[in-house]
Amino acid sequence: MNLTLRVWRQSGPSDAGRMVTYRVEDVSPDMSFLEMLDVLNERLIIEGDDPIAFDHDCREGICGMCGMVINGVAHGEQVATTTCQLHMRHFEDGATITIEPWRAAPFPVVKDLVVDRSAFDRIIQAGGFVSVPAGSAPDAHSVPVRKEDADSAFDAATCIGCGACVAACPNGSASLFTAAKITHLSLLPQGQPERLTRAKAMVDQMDSEGFGGCTNTGECTAVCPKGIPLDTIAQMNSDYLKANAK
């Protein structure tokens, strides 16, 4: 496969940034998207150019690091797929591919396709934990949990914190991420003592970071690689309203 890449290049946070066009030839359809970028970077290094900076780690769709906007869609157009799991066979030979970083004020560009997502860390630090003494592992079934709650908690806990929801949202909202982190704790017995204070603390921190408000457009769930459902936001809003009513 021969491809034309239009890649966002930005040397640092203060740089204006620009789109740069590259030709990549002899790309194997079995390559992942990141492997294709690796091939381009190897060529750039040999030619004495600065390689394209992008985040990555596990390359297994688990860590959430490989966030980038591909042809206008966070992680690309393949449903429930992270960038590292996206393969080049999903593109046409001779295609032009546009690659950009996440676009959101709370995600400032560090370099090229790398953005600073530490705002997510601060939301977690505000309350995304259980502080009650848990002790050793309990005996099986010693704490009854309804299957519906267990399933919903597990679904919410699959959030990898990649930030695709923010990049796709027209408001730059982090509601899906925050809701997933709140919901997977609030549905389980261990998370009940701090349920309302957790929701208030994390939502307030989300707002203070400069993320936009949720208007239920659903773009976040459409690009979420783990399929976090929109009703987690409703659960978060319910807990937040209860916390402020006390």
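1. The axes of helix 5 (residues 175-186) and helix 6 (residues 195-208) come within 10 Å and cross at roughly 165°, in what is a predicted model. Since angles over 145 degrees count as roughly antiparallel, helix 5 and helix 6 are therefore roughly antiparallel to each other, and the crossing in which helix 5 passes helix 6 is right-handed. On the side of helix 5 the contact is made by S175, T178, K181, I182, L185 and S186, and on the side of helix 6 by R195, R198, A199, M202, V203 and M206.

2. Helix 6 also packs with helix 8 (residues 231-245), here at an angle of about 105° and with the axes 8 Å apart. An angle from 65 to 115 degrees counts as roughly perpendicular, and helix 6 and helix 8 are therefore placed in that class. The residues of helix 6 that make this contact are R195, L196, A199, K200, V203 and D204, while helix 8 contributes Q235, M236, D239, Y240, K242, A243 and N244.

3. Helix 8 itself has 15 residues and reaches 21 Å from its first C-alpha to its last, close to the 21 Å expected at 1.5 Å a residue. Its buried residues are T232, I233, M236, D239 and A243; they cover an arc of only 125° around the axis, which puts them on the same side of helix 8.

4. L176 deserves a separate paragraph. This residue belongs to helix 5 and, with a relative accessible area of 3%, is buried, the cut-off for that term being under 20%. Leaving aside neighbours within four places in sequence, L176 is in contact with C165, C220, T221, C224, I228, P229, T232 and I233. The C-alpha atoms of L176 and D231 are 9.2 Å apart in space, although the two residues are 55 residues apart in sequence.

5. Helix 1 (residues 33-46) has 14 residues, and the 20 Å from its first C-alpha to its last is close to the 20 Å expected at 1.5 Å a residue. F33, L34, M36, L37, L40, N41 and L44 are the buried residues of helix 1, and they cover an arc of only 150° around the axis, which puts them on the same side of the helix. These buried residues pack against strand 1 (3-9), strand 2 (18-24), strand 3 (69-70) and strand 5 (96-100), while E42, I45 and I46, on the other side of helix 1, are exposed.

6. Helix 1 is followed by G48, whose phi is positive, near 85°. R59, in the loop between helix 1 and strand 3, has a positive phi near 55° although this residue is other than glycine, and at 28% relative accessibility R59 counts as partly exposed. N71, likewise not a glycine, has a positive phi of about 50°; N71 lies in the loop between strand 3 and strand 4 (73-74) and is partly exposed, with a relative accessible area of 31%.

Methods. Residues numbered from 1 in each chain as written. Predicted model: local features only at pLDDT ≥ 70, side-chain atom pairs only at ≥ 80, totals over all residues. Heavy atoms only, no water. Helix = DSSP H or I, 4+ residues; strand = E, 2+ residues; numbered from the N terminus. Expected span 1.5 Å × (residues − 1). Buried < 20%, exposed > 50% of the residue type's maximum accessible area, 1.4 Å probe, protein only. Arc of directions from axis to C-beta. Contact = heavy atoms within 4.5 Å. Axes fitted to C-alpha atoms, helices over the stretch in contact; angles between N-to-C directions. Parallel < 35°, antiparallel > 145°, perpendicular 65-115°, else oblique. Left-handed = near helix turned anticlockwise from the far one by under 90°.
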